[in-house]
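Please keep the sequence and the structure in view while reading.

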Amino acid sequence: MDSFDFIIIGAGAAGSALAARLTENPDMQVLLLEAGGRDRHPFYHLPAGFAKMTKGIGSWGWDTTPQKHMQNKVFRYTQAKVIGGGSAINAQIYTRGNAQDYDDWRQMGCEGWGYDDVLPYFRRSEDNDTYNNEYHGQGGPLGVSQPSAPLPICEAYFDAAKEIGIPRNMDINGEKQDGVCYYQLTQRNARRSSAAMAYIAPNEGRPNLTVRTGVQVKRIIVEKGRAKGVETADGKLTARNEVVLTSGAIGSPRLLQLSGIGPADDLAALGITPVYDQPNVGENLQDHLDLYCITELSGPHSYDRYAKPHWAAWAALQYAFTRKGPVASSLFETGGFWYADPSARSPDIQFHLGLGTGIEHGVAAMPDGGVTLNSCYLRPRSRGTVRLQSADPAKAPLIDPNYLQDSQDRAMSIQGLKITQEIMAQGPLKKYIKAERLPGPDVKTDEDYYNFICEHSKTSHHCAGTCRMGPDDAAVVDIRLRFNGIEGLRIADNSIMPTVISSNTNAAAIMIGEKASDMIKEEYA
């Protein structure tokens with residue numbers, strides 16, 4: 001079959017949710033295309049498999065351009081290439097951002113996207129193992145669970161934060177975001193609940209849902225101002241109603257530009273025939289820059305020792321029989337939200353306590369074991385771009401987050417790192433910690449901190465904004481996610497965010513897919 005009502009490009013968090021919801025209507029024929037493969041490897045399903053993900057499994061293997069405001073540092077920029085997308089390779093942290101984030105979108109003219117508007121979609125998606133109230137739901141496709149494998153040092157971290165005035169918060173997705181917490185995780189029965197497992201696996205038997213993996217779309221076909229389908233290596237596929245792009249904040253602008261949709265002069269210079277001149281495709285890239293404080297421990301208080309073969313074997317047995325222990329841990333299930341700027345309306349710093357070191361690509365490991373407390377500034381003013389370096393779809397795009405272009409981002413990022421050091425220096429953690437190793441005692445001035453973070457930092461994997469939604473003509477999509485200027489083309493992923501939310505972005509991507517499905521159903525009822 002080469003003709004469908006809807007062709008969805010990208011089986012990530014948003015695309016999986018969208019495909020499942022659309023095919024609840026048996027009259028809608030939906031094709032879901034994914035460039036990556038199936039999630040058959042066990043690392044995709046074991047919570048601790050996250051430790052392997054930023055080092056290559058299920059990823060396109062892309063890097064950023066040299067960051068000119070960070071001494072030309074090049075960052076590994078992990079983008080998922082597997083069914084389930086980022087939800088199949090992330091640390092499973094279930095956070096939604098702050099209510100203020102969505103109310104700000106509404107203030108920008110994005111009617112229907114305020115917190116009260118999006119909360120029902122968060123609740124609809126959830127099967128929460130703890131809460132069922134005005135903020136949370138049960139019975140939805142997505143497993144959302146309390147951590148099953150925290151360590152004693154986590155409770156000491158909470159006590160240490162309290163020493164500097166940061167309270168404990170039992171539900172940071174509830175009434176208030178402020179405070180330190182155990183994050184809820186996208187897990188069910190101590191296994192990862194990716195969007196593919198939650199939305200696609202239970203529904204692949206539907207006769208109106210076709211899922212094809214290992215299919216990279218070369219371009220979106222546009223004829224007479226309307227998206228008509230897609231071209232792949234195997235030929236052309238027709239969309240009777242719409243092509244819906246759900247390839248993420250990097251993948252979506254990349255494919256649009258490969259299709260001739262974007263800044264016309266730039267595309268023509270690469271030998272791509274411009275189809276529609278939209279200079280804001282690939283603009284407005286936002287991401288959270290992750291900094292980290294690493295401490296060496298006084299004993300086996302983290303999961304670092306399980307990197308050794310005999311301990312790894314023991315952990316595998318423990319998980320097999322009890323569904324607990326290091327294999328059941330996302331390794332970053334503790335954290336919280338606080339203020340770098342005390343005058344901010346809502347928290348502007350997020351913490352992730354890593355129960356080990358060297359967990360992610362490029363992050364130092366402590367030979368005798370340690371923990372890592374990450375911080376990221378949640379309201380970056382810096383804006384980057386996604387551009388093509390070639391008309392060849394096999395070539396990586398030019399990803400430029402433009403980190404620290406704005407001086408406020410630099411100052412607040414440094415302040416957040418100082419707060420992590422202050423937490424880790426408090427009394428309740430002293431029996432666990434031997435010494436702070438990074439940044440360490442030699443980093444004293446703000447210039448020292450700047451030099452440190454130019455060497456020791458990473459992406460938070462929270463990219464957004466490159467196909468901005470808005471009511472204005474310059475927006476890439478309107479507030480119903482329809483492409484401005486091309487009929488039959490819609491975008492439904494984190495690229496549509498006008499501003500990046502104040503947290504991890506996976507739950508929001510699922511929400512966008514859920515909300516887009518209702519919009520489409522309304523229009524094609």
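## A hairpin of two strands

Strands β9 and β10 make a hairpin in which two residues lie between them, and Lys224 in the turn has a positive phi of about 50 degrees. Helices (H or I, at least four residues) and strands (E, at least two) are DSSP runs, numbered from the N terminus. The two strands, β9 (residues 217-223) and β10 (residues 226-232), run antiparallel and are joined by six bridges; strands count as paired if DSSP finds at least two bridges between them. Opposite Glu223 stands Arg226 in β10.

## Basis of the model

The model is predicted: local features need pLDDT of at least 70 and side-chain atom pairs count only at pLDDT 80 or more, while totals for chains, interfaces and linings use all residues. Residues are numbered from 1 along each chain as its sequence is written, and side-chain values use heavy atoms, with hydrogens and water left out.

## Pockets

Rolling a probe the size of a water molecule over the atoms shows where empty space is left. On a 1 Å grid over the protein atoms alone, a cavity is a set of points where a 1.4 Å probe fits but cannot get out, and a pocket is an open set with protein on both sides within 12 Å along at least five of seven lines; lining residues have an atom within 4 Å of a point. Grid points are joined across faces, edges and corners, and a volume is the space filled by probe spheres set on the points.

The largest pocket holds about 810 Å³ of space. Its lining consists of 34 residues, and those nearest the centre are Ala51, Tyr303, Asp304, Tyr306 and Ala307. The lining comprises 20 nonpolar, eight polar and six charged residues. In this classification, Ala, Val, Leu, Ile, Met, Phe, Trp, Tyr, Cys and Pro count as nonpolar, Asp, Glu, Lys and Arg as charged, and the others, Gly among them, as polar.

The second largest pocket has a volume of about 370 Å³. It is lined by 21 residues, of which Asp104, Arg345, Tyr377, Arg379 and Pro380 are the closest to its centre. Helix α3 (residues 99-107) contributes the most, three residues. This lining has seven nonpolar, six polar and eight charged residues.

## Enclosed cavities

How many cavities of 30 Å³ or more does the structure hold? There are four. The second largest cavity has a volume of about 100 Å³. Among the residues that line this cavity are Asp287, His288, Cys376, Tyr377, Pro380 and Asp409. Both β17 (370-377) and α10 supply at least two residues of the lining, which has seven nonpolar, three polar and two charged residues.

## Cysteines and helix α11

The whole structure contains zero disulfides, a disulfide being a pair of cysteine sulfur atoms within 2.5 Å. Cys110 is in no disulfide, and the nearest cysteine sulfur, that of Cys467, is 14 Å away. Cys110 is buried, with a relative accessible area of 1%; buried means under 20% relative accessible area, exposed over 50%, and partly exposed in between (1.4 Å probe, protein chains only).

Cys454 is itself buried, at 6% relative accessible area. In helix α11 (residues 446-455), the buried residues are Tyr449, Tyr450, Phe452, Ile453 and Cys454. They pack against β14 (289-297), α10 (407-424) and β20 (433-438), where contact means heavy atoms within 4.5 Å.

## A buried glutamate

Glu242 lies in strand β11 (residues 235-245) and is buried, at 4% relative accessibility. Beyond its neighbours within four places in sequence, Glu242 is in contact with residues including Asp5, Phe6, Arg490 and Tyr524.

## Backbone features in loops

The peptide bond from Leu438 to Pro439 is cis, with omega near 5 degrees, and Pro439 lies in the loop between β20 and α11. Gln92 is not a glycine, yet has a positive phi of about 65 degrees. Gln92 is found in the loop between α2 and α3 and is buried, with a relative accessible area of 0%.
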